[in-house]
Amino acid sequence: MDYQEGYVYHIKDEYFIKANDPNLMQNKENGNYRPTFYCMRDKRTSLLWLVPLSSRVKKFQTIYNKQIEKYGNCLTIVMGEYDGKQAAFLLQNMFPITEKYLDHIHTRNNNPVPVKYSIQTEVSTKMKRILQLHARGKKIVFPDISRLENLMLEETTSAEKSKHGF
């Protein structure tokens, strides 16, 4: 599936099997495709970074408020509206994938539902900051994103080599 910037996707089960990370939010909840994931391209590696969305707004609003109270800001959660409902964008659970693991774009009445630009900007800014801190050895994100990034980059490299007959 081709990635389009500014939208939310569902991920193939195959990714979660390959990733084998107990800290990833699992793909299915009661037989539904959940959670949904906001998706952004990393210009440095061309991987896609996924941020789970949660409808458990009260739970994450409490965590968000505690972070604001303690640190003056909250880097790991963005609160906002998506598809007409309040949602929590959980940067604390973000992870990298390749396009081959995108299952389908989230739609309402067969139309893709975009994420508001202001939320896209906030998520992007905070994601860059989290990745900078991660590069300096700070553990902010629950999944092992270094291992997952290497796994996806190795897969991309292998796919390129076999495509070119190496």
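Buried means under 20% relative accessible area, exposed over 50%, and partly exposed in between, with a 1.4 Å probe and protein chains only. This is a predicted model, in which local features need pLDDT of at least 70 and side-chain atom pairs count only at pLDDT 80 or more, while totals for chains, interfaces and linings use all residues. Residues are numbered from 1 along each chain as its sequence is written, and side-chain values use heavy atoms, leaving out hydrogens and water.

Select helix 3 (117–135); helices (H or I, at least four residues) and strands (E, at least two) are DSSP runs numbered from the N terminus. Its buried residues are Ile-119, Gln-120, Val-123, Ser-124, Lys-126, Met-127, Ile-130 and Leu-133. Strand 4, strand 5, strand 6 and strand 7 are among the elements that cover them. Just after helix 3, pick Gly-137, which takes a positive phi of about 90°.

Next, select Val-123. Leaving out residues up to four places away in sequence, Val-123 touches Tyr-38, Met-40, Val-51, Val-78, Phe-89 and Leu-91; contact means heavy atoms within 4.5 Å.

Now show the largest nonpolar core, which has 22 residues. Such a core is a set of buried Ala, Val, Leu, Ile, Met, Phe, Trp, Tyr and Cys residues joined through side-chain atoms within 4.5 Å. Tyr-38, Phe-89 and Val-123 have the most contacts inside the largest core.

Finally, go to His-106, in the loop between strand 9 (102–105) and strand 10 (107–108). His-106 is buried, with a relative accessible area of 16%. Beyond its neighbours within four places in sequence, its contacts include Tyr-82, Asp-83 and Asn-111.
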